[in-house]
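Here's a quick briefing on the model below. Have a look, then read on for the sheet and the rings.

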Amino acid sequence: MKNKNLPVLLLRNVVLFPSNELRLELDTLEDRKVLSLAEGCFKNNIVIVHPSDPLETNPDFTELPKIGVLSEIKMKMDMPNGKTRIILVGLERIKIDEYKIEDNIFSADIDKVEIPTIEAKEELAYIRTIKSTLEKYIKEIPYMSNSLLTEVIGMNNLNTFTDIVTSNLPQDYLKKIKYIEEITPETRAKKLLDDMTEDLNIIELERKIEEKINRELEKTQKEYVLREKIKQIKLELGDIKDKDNEVDELRKKIINLDAPIEVKERLNLEISRYESTNPNSPEVGIIRNYIDWLLSLPWNTETKDNDNLRKVKDKLDSSHFGLEKVKERIIEYLAVKQNNKNVKSPILCLVGPPGVGKTSLAKSIGESLNREVTKISVGGINDEAEIVGHRRTYIGAAPGLIIQGMKKVGTKNPVFIIDEIDKMTKDIKGDPASALLEILDPEQNKKFSDHYIEEPFDLSKVMFLTTANYYFQIPVELRDRLEIIELSSYTEYEKLDIAKKHLIPRELETHGLKKDFITFSDEVILKIIRNYTKESGVRNLDRQIASIIRKIVTEKVLGESLEEYKITIYNLEKYLGKSKYFYGGLDIVGHIGVVNGLAYTEFGGDVLQVEATLYKGKGNIILTGSLGEVMRESATVAISYIKTHAEEFHVDLNIIENNDIHIHIPEGAIPKDGPSAGSALVTTLISLFTNTLINTNVAMTGEMTLRGKILPIGGLKEKVIGGHRSGIRKIFIPRINEKDLEDVPEEIKREIEFILVDRYMDIYKNLFKLKRKSEIDETNRIRLQFD
C-alpha cells in the first residue's frame, strides 16, 4: 500500500492513536487547506504527524518523525467564528518515506508498516497481564474511568489493545509519541506494563508518606501537610541534609560576628529553632527578628577616642561659649584615661534652664572625643518597658530605647544622651526612673540585661550624658548616681559674645549670605537681648536674629537690596516691631510698702516686687498673686516675726490688729512659690507699718525662720543676673551663699554691692536704723539752726 502526496496535519500536545477517535478545532488557514485537500482528493484520508518539539511552529521536515498515523476525517463542520470542528479516526500506523512542502502545506509519500506477529498464547498472556494491572491502576487512580475496562473486554488483538489503553493513560505528550513510534506490539505491551507499575509504586509511596504524616499532624493543617510531604520526599531521596540559603547566610554572619561566646551559642540555638520551625508558624517572624537584633548589636565594636586634650578643648571652645565646668570634667576624664585604660566613663547630668545649650553641648562632647553620638528623650515616659524592653512573649515586643540607641550608633562606646530625665512620670504601668538605675550605675551596667535581648550587654564604656531643667525634680535615687553639673543662665555679655561668634555667622550661612553682608553692632545686639527676649538661654535670641535676616533676604529677592545692611537701633523696629520687654523696668521713685525680691524662673533670674497695703479691718491677712502654699506660709511667718519684735522695729501692734493687711505680688497669672521671699516679705511689711521708703535699687533674697535666721537659697547666680538686668545695685543675700558668688560674672559683681547677712536684724540695721539715725541727725541739725 503505497500512496503519494497524502496531505499531512501536524498535531501538537495531543496524540491520535490507531483505533481511537479525536475531536479537534482548527483555526489556521493552512490547516483548513489540508482538510479541504484530504476531503476533495484523498477520500477524507489524512496523515497525522506528531512533531517531537511541540513549541516549534515551522519545523524542518527533515526533523519530522518517520512514523505517523493514517486517519480518516469522520466529520467536518465550519463554525461561524471561522474555526473548523472535525472528528478524526485513527486507522493504522504508516511509514513516511518522504515529506514534501508546497505553499506551507506538508504532504508525504507513505507505505504500509509491517506489524511483527506474535504467538497467540503469548499475545493472550500479555493482554491478560495488562488487564489485571489496568484494573489495579483504575482502582488506585481516582481520575481513571471504569469505562476503559468495558471498552477492551473481549479484545484479543494486542496491537489494537495497547493503542486503546495507552491513549487513555494520564501520560505526557512526549511519552505518548514514543508509543506511536514503536511498531512492535510486544514492545509496546512491556513499556505499558512498566509505566503502569511505576505509577502504582509512586502512588503506594505517596500513600505511605501520607499515612506517616497523618500520624504526626492534625488533619486540619492542610498547608503544613503539603510541606511535610516535601520533607518526606526529600528523606526518601536522601536529600534532607540540604540547608536553606538563608540559614547558611545567618551562620556565616555568626562566624564573622565579634561577640561573646555566650551570644554566639544563643544565636546558634535560635537559628536551629528557626530552621526547624514551620514557615507558616507565627513563631518564625519572632525568632528571625530576635536573631537580627542579636546580629546587629555592637558587642565588641568601638571607636578610638581623641586623646589630644588640647584639640578636644579647642573643639569644645569653638562650639560653646563658657561652660567651663563641663569642659574641665571632660578633659579630666581623658587625662585619667591616658593613665588607666580601664577607667569607667563618667555619668554626667547637665542641669539648667531651657536654651542654655545642654543637649548641643552633649553632642559637641561626642564630636570632640571622636565618638558616635545617640540621643533618646525620656520626658513623659511612664512605662519602664520603654527603657529596658518588652518580654518576647508579647506580640510586637521590641528592645528598649537603650539597646535601640546602641544598635543605631553601631559602637559600644558612644556618647549616649538621655534628655529630660526630670520629666519622667510614675504610675501604675511602672517606674522608668527605677529602670534607669542599673543603666546609670557604673558598678552594674557592665552586664545590662534588656528584657527582649536577654543576653548581658556591656554599657560600661558608654559615656552617658543626661540633661534636666530642674534639679529637685530628678528622682532622688537617680541623683545619687549622677555627677551633677549646673549650667546657669547666660549673662547679657555672654549672650552678646555667643551672638557675635556663633549665632549671627551660622544664620548668615544658613540663609546663603556672605559674612559681611549684614552687620550688627554690640548696641543693637544688647537691645535685642534686653527688649525682645526674656530667657536664660539664647534660643529666642537666635530666632530674633533669624527673623531679621529673613526679612533682609526677602528684600534682596524682591530687588530692594543694598550692597550691605547695617542693623542699628534706629531701624531695628522695622524688622522686629515694638519692644516686648523693658530693661531696668523699676520705678525711679520708690513706694512705701514695696520691696524687691529675687526669683528664679524658667527664663532665668528676675526681680519680684512684693507689695503691701493696709486698711481698716480686723487684722486679716489677704494674699494675692497666684501664691503657692510655701509662699503663703512665709507671709504668715513674716507677720509673726514682726509681732514678736514689734518694739525693736518701732511697729505699733494696734496697726496690725485693727487693720486688714493685703500682700500682693504682681503678674498674678504666673504661679509663684518657694521660701526665698521670706526676707523681702518682712521688709515690705516693716516698710508699710513704719511708713519707711526703701530704695528701688535694693533687692534681697533668703528664707526666714521664726527666730529671724536667714537660710540659704538656690539659683543665686541667675537671681543676681536678673537683678542686675533690672537695675538693682544692692543685694542682701544669706552669708552661707557667699561661695556661690564665685559663679557670678566679674562685670556684674563690680556693679553690685553684696551684703551678707546671718539674721534679719542685719538687714533691718542697714535699711531702717541707718535711715532713722540720719533722719534724727537731720532734725537735730535744724533745731540747732533755730536756736
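R392 sits over the face of Y290, 3.7 Å from the ring centre (a charge counts as over a ring if NZ of Lys or CZ of Arg is within 6 Å of the ring centre and within 35 degrees of the ring normal). Keep in mind that this is a predicted model, where local features need pLDDT of at least 70, side-chain atom pairs count only at pLDDT 80 or more, and totals for chains, interfaces and linings use all residues. Residues are numbered from 1 along each chain as its sequence is written, and side-chain values use heavy atoms, leaving out hydrogens and water.

**Confidence**
- The chain averages a pLDDT (the predictor's confidence in each residue, from 0 to 100) of 83, and 92% of the residues score at least 70.
- Residues 778–787 have pLDDT below 50.

**Sheet**
- Five strands make an open sheet with parallel pairing, in the order β8-β9-β12-β7-β13 (strands are DSSP E runs of at least two residues, numbered from the N terminus; two of them pair if DSSP finds at least two bridges between them).
- The edges are β8 (373–377) and β13 (483–486), each pairing on one side only.
- Five bridges join β7 (347–351) to β12 (463–468), and V351 stands opposite A468 in β12.

**Aromatics**
- Ring pairs link Y641, F649, Y760, Y764 and F768 into a cluster (Phe, Tyr and Trp rings, the six-membered one for Trp, pair if their centres lie within 6.5 Å; planes under 30 degrees apart are stacked, over 60 edge-to-face, the rest tilted).
- R479 lies over the face of Y471, at 5.0 Å from the ring centre.

Notes. Contact = heavy atoms within 4.5 Å. Helix = DSSP H or I, 4+ residues; strand = E, 2+ residues; numbered from the N terminus.
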